[in-house]
Amino acid sequence: MTSYINHPLLKKDAIESRLYQQILAGDVLKKGNTMVVAPTALGKTIVAILVAADRLNKVKNSKVLVLAPSKPLAIQHEDSFKEFLTLPCTSITGAIKTDERVKRWEESRIICATPQTVESDLLNGRYDLSSVSLIVFDECHHGVGSYSYVYLASRYVRESKFNLILGLTASPGSDKSKINEVCKNLYIQNIVVKTEDDTDVKPYFNPVEIDWVRIKMSEELEKIKVHVNKALKIRLKALKNMGIIKTVSVGKTDVLKARGRIQGEIARTTNPDKELFQAISILSAVINLQHAEELIETQGVSTFNKYVARLRKKKTKAAKSLLWDDNFSRAVKLARNAEKNGWEHPKLRELSKILKKELGLGDGQTKLQSTRFTENEDDSSSKIIVFTQYRDTLEMIHQKLEKEGIKSAKFFGQAAKDGEKGLTQKQQKAIIKSFRMGEYDVLLSTSVAEEGIDIPAVDLVILYEPVPSEVRMIQRRGRTGRKRTGRVKVLVTNGTRDEAYFWSSINKEHHMKNQLIDEDVLKELNQSAVQRMENEKKVKVIDKPKKENDFPIVYADSREGNSKVIRHLTEMEMDVKIRSMAVGDYQVSDEVAIERKTAKDFVDSLIDKRLFKQARELSEEFKKPLLILEGDDLYAGMVNANAIRGSIASIALDFGISIIPTRNAQDTAAMIKRIAIREQNGEHTPVQIRTDKKPVSLLEQQLFIIESLPNIGPVNAKALLEHFGSVGNVINASEKDLQEVEGIGKKTAENIRSVIDSKYLYFKKEIKERKLL
């Protein structure tokens, strides 16, 4: 007879009494901030619900905040907590308007949310975390770097009167430093690991059977690979002869490190040797070739050919050198012919064979059950997910299955790629619903379905290729085995990267488990977390006597909302107000505004011509404009160092903008605070925020039009207008006349005339369409 857990805040006969879940919840409540590591099917959410019920019962009028990395997962948690708890529960995501979010926060005791949304609300002062008695970080392995989990944990420890942190994950990673970083960032004192092999878990766990399907690479693919490999070896030997690498047996990581070293050397040298730029070009070609070889080995000619098509669109020396290379050209020709003849990777045939067998299909048959829709998730029809790393491969598999009479749905992310739009969240939900109801036999997915997607009762997971990450391997495996015994099939091409990735994921997973049960590591984590929390509390006590109006004021543009700078400012006794600003990123007085650029953003804005436009607006709007240049890797990219130096000189001399270097986001925040203190000098006079730009003058409009011509920047635009006297005269000038202006060469003049004189092709297309109508 099934027994259930009784609790004042739990619904009657809602949660089955499982001893291991109760022990886990008890450990969290007794030992403090805890990370629970357990496979997907073991009910980590139930543990969170049990801990939440205890906290809400004992800490009167408190709230529980459950954070998840995606909207679907946050909503999924809302449904789970509503199902089992009697208190008001809601969800807060970016899809909900700010006023409604505040209302939901105030009226609910349990809030399930995305971390970015909560961070934005906190920074805007819409609510605080003082009444939160438990914060749950689901998929807590995300708590590294600048991810919102890190800021929210720090702020929670400082603000909450009675804090408790619970991290949930199936896979925190195998790297000891990463596990330590997650634990440090989330103030974890204790790690509890539960596996399917534990005696108290076995009665409730459905085992997952893994079948490694070995596949031999076809002769056609071997021939293509030989030519790609020849092109790769020639370049690796060249790099070895140049002293860039020590051996030709290098992986992708080694090549990326070598490129970083060369870029650093270029950045540190006033007049870099041409050989360094040549080395960068060869290294880029090597990265392209290594990727091409991997596609041939693990994906097939269709995916390889699409990659080559993208290479043709690139204008870099590395891409051009590959397309001119005899060996690579032979590989491309063979791959093109192979696709025309229908020769694909043997994996595709094996996948089709497996699916037909699973779905009960013979040659020429169509699955009759696929037309039957049902809301019953436990029906007898088989549910299968096929994971693949590349969207190109996803499309190839989809087309193959459609020809074989197997109904499949493509499931991928929201980002657009090569002209194909991503799936909206609404479309993703519709696909999952149709899959659940049996409209599709197979769900074809990229990594987007690895975590945070509610796909219950999946019988079989097929991996088109192994993944080297133990985290992703565990997440993919966790999609099956929830309702009954799960099965996973992994397609492995013999003697290729597939085998290397296979062993890599297995070894990393084994290493991860050893790291998590290391007693010395756990002891070190506990001491570190306790010390850090004590330090945070000391800061909070010091801050308490201060009044908010004693702090310097800084206005931040709303587009900086997710910036680490704003996070640090809020931790530095600053009154941060986020507004929509027309010019600049930060403003500390009527006269002083600050444009903040990371080294990468500075270079990017130089390339796309935003830089001087922003500099002009800043200098025209404010008496004391400032540019903060953040980071020490300004010269690490492919842009010529002298071009960067010239741009910095122009900003300082032509626009009169002072440039202040900083090391990182924290240093930038400290500098902004110091500027605010100096500018405000203890006085709290109202600051007029520029939400609108000054009216655009006739001169600005003229410069804007001329700057839109190809290869024309602010300096050349001004020179053209001064030479010809008007916009009309510039437009009507011949190539010869244009070349009379200093800085305008033959190619630039040709490009300008081409843009002005070329017919508007869309107009022709529109006329044809009208005739057809």
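Reader: What is the mean pLDDT of the protein chain, and what share of its residues reach 70 or more?

Author: The mean is 83, and 83% of the residues reach 70 or more; pLDDT is the predictor's confidence in each residue, from 0 to 100. This is a predicted model, in which local features need pLDDT of at least 70, side-chain atom pairs count only at pLDDT 80 or more, and totals for chains, interfaces and linings use all residues. Residues are numbered from 1 along each chain as its sequence is written, and side-chain values use heavy atoms, with hydrogens and water left out.

Reader: Where in the protein chain is confidence lowest, and where is it highest?

Author: Helix H30 (residues 761-772) is lowest, at a mean of 50, and strand S2 (residues 63-67) is highest, at 97. Helices (H or I, at least four residues) and strands (E, at least two) are DSSP runs, numbered from the N terminus. Over residues 367-380 the pLDDT is below 50, yet this stretch has 29 contacts in the model beyond near neighbours in sequence; a contact means heavy atoms within 4.5 Å.

Reader: Why is Phe137 called buried?

Author: Buried means under 20% relative accessible area, exposed over 50%, and partly exposed in between (1.4 Å probe, protein chains only). Phe137 has 0% relative accessibility, so Phe137 counts as buried. Tyr149 is also buried, with a relative accessible area of 0%.

Reader: What makes the pair of Phe137 and Tyr149 edge-to-face?

Author: Rings of Phe, Tyr and Trp (its six-membered ring) pair if their centres lie within 6.5 Å; planes under 30 degrees apart count as stacked, over 60 as edge-to-face and the rest as tilted. For Phe137 and Tyr149 the values are 4.9 Å centre to centre and 65° between the planes, hence edge-to-face. Phe137 lies in strand S5 (residues 132-138) and Tyr149 in helix H6, so the pair ties together parts that are 12 residues apart in sequence.

Reader: Why is the pair of Tyr147 and Tyr149 edge-to-face?

Author: Their ring centres are 5.0 Å apart and their planes stand at 80°, so this pair is edge-to-face. Ring pairs link Phe137, Tyr147 and Tyr149 into a cluster.

Reader: How do you know that Lys347 lies over the face of Tyr464?

Author: A charge sits over a ring if NZ of Lys or CZ of Arg is within 6 Å of the ring centre and within 35 degrees of the ring normal. Lys347 lies over the face of Tyr464 at 5.1 Å from the ring centre.

Reader: Why does Ser650 count as buried?

Author: Ser650 has 11% relative accessibility, so Ser650 counts as buried. Ser650 is found in helix H23 (residues 641-653).
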